[in-house]
Amino acid sequence: MQPGMLVSPATMGLTIRLDEVHHEYGRTEEAGTVTALENISLEIPAGDFAVLMGPSGSGKSTILNLIGAVDRPTRGRVMLGDREISSMSERDLTLVRRMKIGFIFQFFNLIPTLTVRENIEFPLALGGERGGMRERVDRVLDEIALGHRASHYPNELSGGEMQRVAIGRAVVHDPPLLLADEPTGNLDTRTGERILELIRSIHQSRNPTVVMATHSDRAASFGDYVIDVIDGTVGRREPR
Ligand SMILES: Nc1ncnc2c1ncn2[C@@H]1O[C@H](COP(=O)(O)OP(=O)(O)OP(=O)(O)O)[C@@H](O)[C@H]1O
Ligand SMILES: [Mg+2]
């Protein structure tokens, strides 16, 4: 297969905008509410690789879940490109997640009963994709250097290999937005470095907007700039 033959090389990234976003969890009588984000406003231009850094509990995953159409804010607006996702129905959010977003998690979240190939195919199948599925998955297997493991199951892989499969699954549908929540948090330094290089190479070849949460300065250095998240508020550091 010729590289780049089947999928257009450049995904147009999406601009992300949060306007006065406030988020609370748990409106139960027993637990009360937790304020996770306090009226934050933030813009991440299309195609940027932004890094969220901050102490545990500061709100990084909450931000990723709101821009990843996993959750809707208690108040405020979340825009992806020219679409406001904060007011969408569950059904529309599901479509946005399937079509526009790739999500990489700390604990990989692969489906244990599916092979490597089937795990990567999964978002295409969900999106009702028919033609060219095999070729697209082959291209991704090539990109993550796991072609030789296509018919293996996740429990037969190392942690770094599992994360590579998870990255393959996150990008196979060429999403304009790639989100990563501590993608190296569960890996040793060297394996983590390979994962970060893979994310960087995907950012460069497919050009999605990338937002990554991390505790690691080394991981942060792979991004264009760092957004500090402290106690549910955000501040932007100067670009490097
Ligand atoms: N489902 C939930 N129900 C209630 N509170 C929650 C829930 N999820 C998160 N929180 C609270 O919201 C705040 C922000 O959590 P969040 O997971 O966004 O932090 P984080 O910056 O990702 O932390 P970490 O670095 O530990 O992953 C925390 O105080 C947390 O306890
Ligand atoms: Mg988190």
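Helix axes here are lines fitted to C-alpha atoms over the stretch in contact, with angles running from 0 to 180 degrees between N-to-C directions. Helices (H or I, at least four residues) and strands (E, at least two) are DSSP runs, numbered from the N terminus. What you're looking at is a predicted model, where local features need pLDDT of at least 70, side-chain atom pairs count only at pLDDT 80 or more, and totals for chains, interfaces and linings use all residues. Residues are numbered from 1 along each chain as its sequence is written, while chains are lettered from A and ligands numbered from 1 in the order in which they are written.

**View 1. Helices α5 and α6 cross at roughly 15°.** Here α5 (residues 159-171) and α6 (residues 189-206) have axes that come within 10 Å. The two are therefore roughly parallel to each other (angles under 35 degrees count as such). The crossing is right-handed, meaning the near helix is turned clockwise from the far one by less than a right angle. Residues count as in contact if their C-beta atoms, placed from the backbone, lie within 7 Å. On the α5 side look for Gly159, Gly160, Gln163, Arg164, Ile167 and Val171, and on the α6 side for Thr191, Arg194, Ile195, Leu198, Ile199, Ile202 and Arg206. Six of the contact residues are nonpolar, four polar and three charged (Ala, Val, Leu, Ile, Met, Phe, Trp, Tyr, Cys and Pro are nonpolar, Asp, Glu, Lys and Arg charged, and the others, Gly among them, polar).

**View 2. Here are the residues around ligand 1.** Each has its C-beta atom, placed from the backbone, within 6 Å of the ligand. Among them are Tyr25, Val34, Ser58 and Lys60. β1 (16-28), β2 (32-44) and α1 (60-67) each give two or more residues, and α1 gives the most, with three. By class, the shell has three nonpolar, eight polar and one charged residues.

**View 3. Helix α1 is largely enclosed by the rest of the structure.** Seven of its eight residues are buried, with 20 or more other C-beta atoms within 10 Å of their own. Those are Lys60, Ser61, Thr62, Ile63, Leu64, Leu66 and Ile67. Just after α1, Ala69 takes a positive phi of about 60°.

**View 4. Phe108 and Asp231 are non-glycine residues with positive phi.** Phe108, with phi near 65°, sits in the loop between β6 (101-104) and α3 (116-126). Phe108 is buried, with 21 C-beta neighbours inside 10 Å. Asp231, at about 50°, lies in the loop between β9 (225-230) and β10 (233-236).

Technical notes:
Angles under 35 degrees count as roughly parallel, over 145 as roughly antiparallel, 65 to 115 as roughly perpendicular and the rest as oblique. Two residues are in contact if their C-beta atoms, placed from the backbone, lie within 7 Å. A residue is buried if 20 or more other C-beta atoms lie within 10 Å of its own, exposed if 12 or fewer, and partly exposed in between; C-beta atoms are placed from the backbone.
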